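Please look through the sequence and the model below before reading my points. I have kept to features that you can find for yourself on screen.

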Amino acid sequence: MSRSRIVIVGAGFAGYRAARCLSRQARGRADITLLNPTDYFLYLPLLPQVAAGVLEPRRTTVSLAGTLPHVRHVLGEADGVDLERHVVRYADLEGGSGELPYDRLVLAVGSVNKLLPIPGVAEHAHGFRGLPEALYLRDHVTRQIELAAAADDPAMCTARCTFVVVGAGYTGTEVAAQGAMLTDALVRDNPLRKGIRPRWLLLDIAPRVLPEMDERMSQSADRVLRKRGVDVRPGTSVKEATADGVLLDSGEFVDTRSLIWCVGVRPDPLMEGLHRPLERGRLVVDQFLNVPGHPEVFACGDAAAVPDPNHPDRAAPMTAQHAWRQGKTAARNVAASLGHGTRVPYRHRDLGFTVDLGGALGVANPFGVTLSGPLAGAITRGYHLAAMPGNRVRVAADWLLDAVLPRQGVQLGLVRSGSVPLESASPELARVPGGPSD
Ligand SMILES: Cc1cc2nc3c(=O)[nH]c(=O)nc-3n(C[C@H](O)[C@H](O)[C@H](O)COP(=O)(O)OP(=O)(O)OC[C@H]3O[C@@H](n4cnc5c(N)ncnc54)[C@H](O)[C@@H]3O)c2cc1C
């Protein structure tokens, strides 16, 4: 390899793994550049625990400079790729711009919030995609409980301590499950009027929670949620959102100041600008993660429609597990394209899925065995610790502290509502209002 230029766009599950593998395989023989808007990899599955005050925000991050020493980092966001000139254009974080020429390109930009064309949602809902949203939600929930405790009007008190989560995939389910525990903790210090208690609603157009998972996992999660007081509403969608509440398709109006939007994701819009074939917004690639007609371009993770060898009729789902493994395959095939090793098709063995429901409970199906309760909770946390590429001790320490100490119920006010808007709607990708999610 004679110092080829490899550019990786996006340092999430797929891009981070590709950079890590390539830094071992191609060290000294290629210049590896990683373009990403943050200086960290974000372990997204633990974000609901940041919102619930279980984990401090930095715990879910892994420093790029600290863990990828042989990779050059460029802080910025790609805003175009010139496939003919082999150049990535980007905007940096200080208003400047630049270009990164490449011999090999790995596109791993992930996905963004999916907004459906429902009146009022863009203005009144908050998404859940990154640390700013998680920090905003943690403060917002705390503030609503504090305002509810101080409210003279019982109707206002009820509205302020009602929280509506739309989308009962793994994100929405975890947000509602963990959120209910947070508000229970908050009202211990901020007692509400007699007869009023925090209320969480979890809506999805699908007939059950965790609609894309095993039915037994779904039933167990449903049981835990209901036992915790979450009002689970399958087969329900939102018709309109206003500043005062949410109109459901049943005609019921729910007074609330909190609408949390977890209705799935869509691939990053950068993919549309490539003018290459897309499948539901994801860039079409072959089984080697190569973009057809461009042997020098690879794509992986949520942004790519990677053929699923176990289900030939569809692309691999948008999950961290797939993105992480695809990052490794992309790295191997990039190295092979430069004359090192042989390329391999993307293959995977399903290890199962885990959902953390808070309070040591969870649901999981490791190797196809469905589990629930504390055992599943322990497996879920063990899985996350094993899967995180760094910061494990700090995460474990936070879990320990949360088990023995009361949660801190304070607002830091670091993220304002205006800085965490939902993405604009994409009608061609829009799904049925209300889900299913993730
Ligand atoms: C709250 C939440 C919880 C989740 N929980 C689970 C779970 O429990 N289990 C599971 O399997 N999956 C889970 N997922 C889904 C999983 O996180 C994604 O499938 C996975 O992150 C996809 O990996 P990726 O590398 O494609 O994208 P990401 O991990 O999203 O990484 C994309 C990276 O690209 C960067 N980027 C974006 N646009 C640009 C650009 N234009 N230029 C440069 N960089 C760019 C982003 O900043 C980011 O760093 C969850 C997702 C969320 C949002």
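This is a predicted model: local features need pLDDT of at least 70, side-chain atom pairs count only at pLDDT 80 or more; totals for chains, interfaces and linings use all residues.

1. Residues are numbered from 1 along each chain as its sequence is written, and side-chain values use heavy atoms, with hydrogens and water left out.

2. Helices α5 and α7. Helices here are DSSP runs of H or I with at least four residues, strands are DSSP runs of E with at least two, and both are numbered from the N terminus. Two packed helices are described by the angle between their axes and the distance between the axes. Helix α5 (residues 131–150) and helix α7 (residues 170–189) have axes that come within 10 Å and cross at roughly 40°. The axes are lines fitted to C-alpha atoms over the stretch in contact, and the angles, taken between N-to-C directions, run from 0 to 180 degrees. This makes α5 oblique to α7, where angles under 35 degrees count as roughly parallel, over 145 as roughly antiparallel, 65 to 115 as roughly perpendicular and the rest as oblique. The crossing of α5 over α7 is right-handed, a word used when the near helix is turned clockwise from the far one by less than a right angle, with left-handed used for anticlockwise.

3. Helices α10 and α11. Helix α10 (residues 373–387) packs with α11 at an angle of about 155°, and their axes are 9 Å apart. That angle makes α10 roughly antiparallel to α11, and the crossing of this pair is right-handed.

4. Salt bridges. Side chains of opposite charge can pair when their charged atoms come close. A salt bridge is counted when a side-chain nitrogen of Lys or Arg is within 4 Å of a carboxyl oxygen of Asp or Glu, and by this rule there are 17 salt bridges. One of them joins R85 and E99, with 3.2 Å from N to O. This pair links distant parts of the chain, with R85 in the loop between β5 (72–82) and β6 (87–92) and E99 in strand β7 (residues 97–101), 14 residues apart. At 40% relative accessibility E99 counts as partly exposed, since buried means under 20% relative accessible area, exposed means over 50% and partly exposed lies in between, using a 1.4 Å probe and protein chains only.

5. A linked set of charges. R233 and E252 form a salt bridge at 2.9 Å from N to O; R233 lies in strand β13 (residues 231–234), while E252 lies in the loop between β15 (245–248) and β16 (253–255), 19 residues apart. R233 is buried, with a relative accessible area of 18%, whereas E252 is partly exposed at 30%. In another salt bridge, the closest N and O atoms of D308 and R314 are 3.7 Å apart; D308 counts as buried at 3% relative accessibility, and R314 as partly exposed at 37%. Salt bridges that share partners also join R199, D231, R233 and E252 into one network.

6. Two positive phi angles. Most residues other than glycine have a negative phi, and most peptide bonds are trans. L210, in the loop between β12 (199–204) and α8 (215–227), has a positive phi near 45°, and L210 is buried, with a relative accessible area of 1%. A360, in the loop between β26 (354–358) and β27 (361–364), has a positive phi near 70°, but A360 counts as partly exposed at 46% relative accessibility.

7. Contacts across the chain. T236 lies in the loop between β13 and β14 (238–241) and is buried, with a relative accessible area of 9%. The C-alpha atoms of T236 and L203 are separated by 5.7 Å, although these residues are 33 residues apart along the chain. D189, in helix α7, counts as exposed at 64% relative accessibility, and from D189 to A149 the C-alpha distance is 9.5 Å across 40 residues of sequence.

8. L401 is found in helix α11 (residues 392–404), and at 44% relative accessibility L401 counts as partly exposed.
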